[in-house]
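Thanks for coming. I'll keep this short and go through a few local features, then a pocket.

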Amino acid sequence: MDRDDLLARIDVPSALALLSRMVQHKSYSKTEGEKQLANFMAERMREIGLDAAVAAFGDEGRVNAVGRWKGTGGGKSLLFNGHVDTNPVTEGWTVDPWAGKVDDEFIYGIGVSNMKAGDAAYFCAVKTLIEAGVKLRGDVILTYVVGELQGGVGTYSLIEQGLRADYFINSEPTDLKAMTMHAAAFMFIIELVGNTRHLSKREEAVDAISAACDLIPRLNAMKFSGTRSPAHEAINRVHVGVVHGALGRELHEWRTPQVADFVRIKGSGRYAPGQTEQGALADMRRELDALEARFPGLKAHLMSEDRAGVPTMPSFEVAPDSPIVRAVNDAYRFVRGETQPTGPVAPSCFYGTDAGHLYASGGMEGIVCGPGGRYNTMPDERVDIPDYLDMIRIYMLAILDICG
């Protein structure tokens, strides 16, 4: 059977129905819903002949679903990775976020882009190949993890439990682009301490709010030292997300005639493979030293935010000529008749993904490529149906290429 015949065997109504059913699971992190969806996926994998089960971790009863399509031997193994937990529903929806609505253009629902469409696509790819009677030499492993939104605790637990493969595909939404690099993330807190005076004598004061207004644009424009290439530098980013300024550490707001002497800033940074959080913080410290020089008497304190044991997402990188990159690129070209956008593609390169854990802790070589992205993390979250179906096709061809 040639590739065109194989791709034509995709059961489109069944693929849409599966994704719709996945959306209907209210799989918020640390709820019974995420466990129910993991069990649902384990059942679906067993139905198509995979050796599948749920793997428990931690002391909160959380589980991941893992299935293995055993090869005949002698081939490379390929692991698919995706999370089933979702962001919360926000205001502004015009469709039911839990209905899994399908119309002529889109599949709608909370989590459909991030990232149940990717989860469903690799299941459907394996299901189609099995039903076509395809035999592979290498194993295909499907993982449906929880806790990605808590720093990737689900995937990290599978790595600790010894799960490995020769290659992986993480199916986070990239609009079918091939992401070969993304940044690591860290959180920071900056406290600016000035010197208050009544507004009548503000020339004598050290105004912490004025200093913050000077500092924030400089932080948001920062690049960190020690990048390996312009591509690595391109995924450096700092963003200030929270600013509080008033009087004293208690941030008293009722005495507005006085110059504010305290500001607390919270934000997030992104750095590339080869850079470190310590190096990024050192660069930020130098920026604060310069701020203190511009505002004599100001004291600026910088600290990394403690996330209470939650792992941070490491950076991720794969060589552009890796077999897994070539396999996905070739599949994309066959399906769409054009060259696949490949590299540290924006905006996905600023996200954290479980690919960082698979790469940094698991020592595996892989790529991030999934459907969705354009309408991610917004009211009426949705995925283009053609993108979802093309992703199934691309995954099918990549499996054949890698696993023989």
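Start with Pro-347, which sits in the loop between β14 (342-343) and α10 (355-360). Bear in mind that this is a predicted model. The peptide bond between Ala-346 and Pro-347 is cis, with omega about 0 degrees. Met-115 belongs to helix α4, residues 112-131. For context, most peptide bonds are trans, and most residues other than glycine have a negative phi.

Asp-175 is not a glycine, yet its phi is positive, about 55 degrees. You'll find Asp-175 in the loop between β6 (167-170) and β7 (178-179). Leu-251, also not a glycine, has a positive phi of about 55 degrees, and its loop runs between β10 and β11. Are these two buried or exposed? Asp-175 is partly exposed, at 24% relative accessible area. Leu-251 counts as buried because its relative accessibility is 18%, and the cut-off for buried is under 20%.

Now the largest pocket, which holds about 680 Å³ of space. It is lined by 24 residues, and closest to its centre are Ala-185, Arg-270, Met-313, Tyr-351 and Gly-352. Strands β9 (184-193), β10 (237-246) and β11 (262-271) each give at least two residues to that lining. By type, the lining has 9 nonpolar, 10 polar and 5 charged residues.

Last, Ser-77, in the loop between β2 (62-69) and β3 (78-83). Ser-77 is buried, at 13% relative accessible area. Beyond its neighbours within four places in sequence, Ser-77 contacts Asp-139, Ala-165, Asp-166, Tyr-167 and Ile-402.

Note on methods
Residues are numbered from 1 along each chain as its sequence is written. This is a predicted model: local features need pLDDT of at least 70, side-chain atom pairs count only at pLDDT 80 or more; totals for chains, interfaces and linings use all residues. Side-chain values use heavy atoms; hydrogens and water are left out. Helices (H or I, at least four residues) and strands (E, at least two) are DSSP runs, numbered from the N terminus. Buried means under 20% relative accessible area, exposed over 50%, partly exposed in between (1.4 Å probe, protein chains only). Contact means heavy atoms within 4.5 Å. On a 1 Å grid over the protein atoms alone, a cavity is a set of points where a 1.4 Å probe fits but cannot get out, and a pocket is an open set with protein on both sides within 12 Å along at least five of seven lines; lining residues have an atom within 4 Å of a point. Grid points are joined across faces, edges and corners, and a volume is the space filled by probe spheres set on the points. Ala, Val, Leu, Ile, Met, Phe, Trp, Tyr, Cys and Pro count as nonpolar, Asp, Glu, Lys and Arg as charged, and the others, Gly among them, as polar.
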